[in-house]
Amino acid sequence: MLTVDRMRSLVRQATLSPSSHNTQPWRFRMTGAAVDLMADRTRALPVNDPFDRELTISCGAALLSLRVAAAAAGLGTVEHLLPDESDADWLARLELTAQASDPELAALADFLSLRRTFRRVFDGRDVAQEVIALVGAAAAREGARLVTLNAGQRQQAGELVAEGDRQQWDDPRWRRELAMWMHPRRDGDGLAVPLLAAPLAQAVVRTFDMGNGVAAKDRQLLMGSPWLTILATPQDDTLSWLRAGQALQRALLVGCRHGLQASYLNQPAELPALRARLQLLLGTAEHPQLVIRWGHPTEVLPPAPRRPVDAVIEPASD
Ligand SMILES: Cc1cc2nc3c(=O)[nH]c(=O)nc-3n(C[C@H](O)[C@H](O)[C@H](O)COP(=O)(O)O)c2cc1C
């Protein structure tokens, strides 16, 4: 029996997923024995992400988490992506069934709450080849490819990230949008800043172009990352972005299970001219979606804030 409490528990676990600027751009609706996932475009980032590409990837990550939580609760699932072409916000329906649950997904449930975006320097250990293979296979299961960058590609990616930082910080609209998502932790979303420091931090970001400094730091982080990848998809449409999000979260959870955390250097995938150069660097016709660095974290970070589960659940329409 699927009680409301059980459904809420599944949704709560889905809300632990990563999202661009921690916007948590998702809504859930419980309809009979299914959970619907909708895009919440009031939480979009029109400057950073004008086509809602990253917004859709974030929702895809939440969908994968929902599947993991359902599997851990002993439920089978059937997913329908983009179930109604007349409703662009309705991204997926996840039917919950009495069929056997997927043991591989169920085994990832403990890592939903342990995964973190780790933006600091990783410890010096390499990532084992077996782990690289497992994380790559996790992404492939969801229809995306995690491409490992070799030394030459890494160098070029470092230049593109630095160029991306300079261009984004040079844009006052981009800085203002970032500042709007820098909140004290108690707000439940955004990039948490200590309560007293928040007004100053927001003013600094809004006012000063720190592009050169950020570029140098990000380049250094990228060059020193034990494992550097691009998540790529064969197409570049809403369906591909949903799949990329599921691939991202599956890969992150498998990585976490093997002691890894990750963070992002997506700047070159966010700016069209640089994205074309990132695609050239890949050397295939695939579309780069995210630039992800991986390694062993040096410490356990506190979780990023999340909105209460009731803020993301809507009443059933039927
Ligand atoms: C599609 C997507 C894009 C992201 N882009 C960046 C990024 O460019 N830089 C960054 O530091 N974090 C990025 N993040 C990570 C989010 O900021 C992070 O998920 C959010 O703050 C919540 O923190 P958590 O992942 O530790 O739960 C991205 C996450 C997603 C899903």
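Two residues are taken to be in contact when their C-beta atoms, placed from the backbone, lie within 7 Å. By this criterion, and leaving aside residues up to four places away in sequence, Leu-231 touches Ala-139, Ala-144, Leu-146, Ala-244, Ala-247, Leu-248, Gln-289, Leu-290 and Ile-292. The model is predicted: local features need pLDDT of at least 70 and side-chain atom pairs count only at pLDDT 80 or more, while totals for chains, interfaces and linings use all residues. Residues are numbered from 1 along each chain as its sequence is written.

Leu-231 also belongs, with Val-35, to the residues with the most contacts inside the largest nonpolar core, which has 75 residues. Such a core is a set of buried Ala, Val, Leu, Ile, Met, Phe, Trp, Tyr and Cys residues joined through C-beta atoms within 7 Å, buried meaning that 20 or more other C-beta atoms lie within 10 Å of a residue's own. Helix α2 (residues 53-72) supplies the largest share of this core, 13 residues; helices here are DSSP runs of H or I with at least four residues, and strands are runs of E with at least two, numbered from the N terminus. Apart from this core lies another of five residues, including Trp-181 and Val-205.

Turning to the sheet, five strands form an open, mixed arrangement in the order β3-β4-β2-β1-β9, where pairing requires at least two DSSP bridges between two strands. Strands β3 and β4 (residues 90-97) run antiparallel and are joined by six bridges; Thr-77 has Leu-96 as its bridge partner in β4. Helix α2 packs on the sheet, touching β1, β2, β3 and β4.

Key: A residue is buried if 20 or more other C-beta atoms lie within 10 Å of its own, exposed if 12 or fewer, and partly exposed in between; C-beta atoms are placed from the backbone. Axes are lines fitted to C-alpha atoms, for helices over the stretch in contact, and angles run from 0 to 180 degrees between N-to-C directions.
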